[in-house]
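Let's take a walk through this model together, going from the meeting of the chains to some details of the backbone. Keep the 3D view open as you read.

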Amino acid sequence: MTDNATDLPTPKRRSVVRRWLYPAAVVVAIAAVIWWLEAGGDGGVSSTGERYGPVALPVALAPVGANVSAEEGALAPDFLLQALDGEETRLSDFRGQPVVLNFWATWCGPCRKEMPQFIAAYDAHREEGLVVIGLNLQESESIIRPFVDDFGIDFPVLIDRDGEVGDDYRLLGLPATYFIGRDGVIESAFIGPFQAEERGTNVQGAIEQSDLEGRIAAILGSGEDDGGG
Amino acid sequence: MAAGRAASEPGRASARGWTRSLSWTNPLRAVWWLFTNVRFAIVLLVVITLVSLAGVLIAQKPVNVRGDTVLEAEWLAEKDGMYGFLTSPMDAVGLFDIFHTGWFSVLLAVTVVSTAAYVVSRFPGIWAAITRPRKRVPDRYFDQAPHRLRIEGTVDVERLEAGLRRSRYKVERWQEGEATFLFADRFQVAQLGTLLTHAAVIVFILAAVVSRVDSFSSGLFLAEGSTLPVFPVRHENQMQVELVESYAEFAPDGQPLDYRSDLAIYRGGEEVLRCSSTVNTPCSYDGYRFYQVAYFGFGAELVVRDTASGNVIYRETLALAMRSPAARLRIDDANGATLIDRTVVLPDTFEINDEPFHGGLVRLEDGTALTLLLPQDADDGDELLVFDLGDTPETLRLAAGQSVESHGLVFSYLGLERIPAGFALDLPLPESVASDGPVRLQMNNVIYGTGTTSEGTNVDAPSGGGEPELTIVGLTSQAATLSAGDSLLIDGYEYTFEGQREFSGIDVRRDRSDYLVWIGAAAIVIGLMITFWVPRRRLWAKITRGGASLAGQAAGQADYTSEMRRLAVQAGAELAEETDDDD
């Protein structure tokens, strides 16, 4: 009897454990799993602790009520990504310069075909302030680097590791190219490859290199009066 | 009446639970009754079986046809010959795509609900029977039980109880007046085996649903050294598959012996797995399996470099899936020395007397040029035409296997070969090149399988040996032939044949229903084993001074009366006068 009496508090403690600690542990475990799943696809973190991927446009560059979206006439959505050389690049840092933003991947045949056109365009217009950004979609550095070296890509190549920037730009296919004026506004967008004017490169759905030149000329001439947005 | 009774007995309905409180006219009650009805479940299973049988016997729309209006119409037109006027109504009710119809899904769903309802409805009763058995039965049960035994004379209760315990019964004993009662129970939990079996059916159907909703499959055709994404464009689980190396081995008769692909899997910019994949042993990563499903050995890697910038402007591995005729020719001189013994590529096309021919040029060491011609659709029976352009031109006609002497040389046509060929549709061309069509490629001396040349093999295009050569037609006025690593410079464009490459077809699949299928299989096996092989027993005994009555329940067709008799004998009973029935 005495033993039973001294054992009485023990079941009470168990009861508290069962009633509160176990459910709490389950809730914490579920929360941890959700957090892990959310964080699992993280595209990395910058040296300042900022997460790589889409970021909000700085207030100074986005007037109140401004339309920020991946469509012609709207401000181009901003992003912070790491370049192949390790440098951190923010799209809005190029405000005041015309930008050609090309989404590509090494596995994408039409992207490979049109790449020499962008290299040539960059070499032809870099002195005029043209910025070309090659935004690689979700590939590994070890896959991208040989391609970049092989093709002699000399403009910045950024890596969208988790594809969130691609989501922000509502990508439906590759390649996709956005022509952004000095004021940060998307002048035009083109889904599909540009093709060289040499004969033989008859990529299905491609448009001529002259069209690429025309679009670049449009952003080079955009907002020159109020450049610097 | 019912309403009056309910009114006169307030609270009774609620005490009996909501299901019992509902009248039979209540639709919920009717549905519950239907779903818990065994006959309904049997009818459902029979219907599913018949429908599934129909799905096997009636041709179903192939995957590539399903959803494509034009292809579906063409496919149905083909079926018209077999089903006639029934084709259209059969298609309307989905008999050509049974397993993807809405009604089949509904049928499966109803079966799941029915089976689940059965399990749920039976569980309380079975659980009560296990945990709260009826320990005291009326005296008349000893005369009516399916298994019973009457013992006249003295029975040693202690020995009977001990015998039961030795036989793994749980035994309870109590006294009522002069009578001693025993209740013994063995392996009653085995009653749950039936429920486990039914639960397995639910798990199987759930697995089918999960497989249909969640399964993923994607086919990738990769050249060695190339990478392809598992999902088109952007995906949260995006991965890239790199074919590091493709291997194939062939028997001398050309039969494939083994295929293997070394893969590297990338996710989030990192290499997450490096593995070897075969048809039966796929690589596996994060629930995705990477099977090798195809092999193609005739790829040519071609690189074009802009010599001004030094940049590569084109790097592709082209699958040469077509075949082009070529002639296996040997030329010996008068002394028996072999001047040529190789496969001659015939890259040019000619028309002679409105007949199309494939033609090629062979130069001997002394500068003699020979033109070889084969009909465009040549087969093994066609003759090879050799135009000898010596001082006294002569046309030789050689059947396969035939040798002819001319101008002191012996020409032997060893046979027709069909070498891999294809087009380079997007090949960059300099302005100076006038091409009236896409550049054509033919690859000679191809290697069959990894590290195994065609020497010694007898496949449909045995080669004369040597390193693979790529003949390019359309870049220069005459076809150019490059060995691996060789380049051709044309107006600032350098064309390099990097070598023969292999392709692998990799199927990426994920089907998380696998786990459910395993769980279901385990449950059904365990459930059936428990149901059929675990000997559950229940025994009641009433022992008085003049004798004992035993009544028992046993699963299945067990001869429990004999077992009771054995227990009684062990307890010292004399069974001279006994009555028993096995029923």
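Predicted model: local features only at pLDDT ≥ 70, side-chain atom pairs only at ≥ 80, totals over all residues.

Between chain A and chain B, about 2500 Å² of area is buried, and carbon and sulfur atoms give 47% of that.

What about charges across this boundary? Side chains of opposite charge can pair when their charged atoms come close. Four salt bridges are counted between chain A and chain B. To see a salt bridge of this kind, find Arg112(A) and Glu316(B), whose closest N and O atoms are 2.7 Å apart.

Over all chains, a search of the whole structure finds 36 salt bridges. Among them is a pair inside chain B, Arg173(B) with Glu161(B), where the closest N and O atoms are 3.4 Å apart. This pair links distant parts of the chain, twelve residues apart: Arg173(B) sits in strand S2 (residues 170-176) of chain B, and Glu161(B) belongs to helix H10 (residues 157-166) of chain B. While you are in this region, have a look at the loop between H10 and S2 of chain B, where Arg168(B) is found. Arg168(B) has a phi near 70°, a positive value in a residue other than glycine.

Now turn to a pair of helices in chain B. Two packed helices are described by the angle between their axes and the distance between the axes. For helix H11 (residues 192-214) of chain B and helix H12 (residues 513-533) of chain B, that angle is about 165° and the axes are 8 Å apart. An angle over 145 degrees counts as roughly antiparallel, so H11(B) and H12(B) are roughly antiparallel to each other. The residues of their contact comprise 16 nonpolar, eight polar and no charged. H11(B) passes H12(B) in a left-handed crossing.

Our last stop is in chain A, at the loop between helix H5 (164-168) and strand S7 (176-180), where Pro175(A) lies. Leu174(A) and Pro175(A) are joined by a cis peptide bond, with omega about -5°.

Definitions and conventions:
Residues numbered from 1 in each chain as written. Chains lettered and ligands numbered in written order. Heavy atoms only, no water. Axes fitted to C-alpha atoms, helices over the stretch in contact; angles between N-to-C directions. Helix = DSSP H or I, 4+ residues; strand = E, 2+ residues; numbered from the N terminus. Parallel < 35°, antiparallel > 145°, perpendicular 65-115°, else oblique. Left-handed = near helix turned anticlockwise from the far one by under 90°. Nonpolar A, V, L, I, M, F, W, Y, C, P; charged D, E, K, R; others polar. Buried area = accessible area lost by both parts, 1.4 Å probe. Salt bridge = Lys/Arg side-chain N within 4 Å of Asp/Glu carboxyl O.
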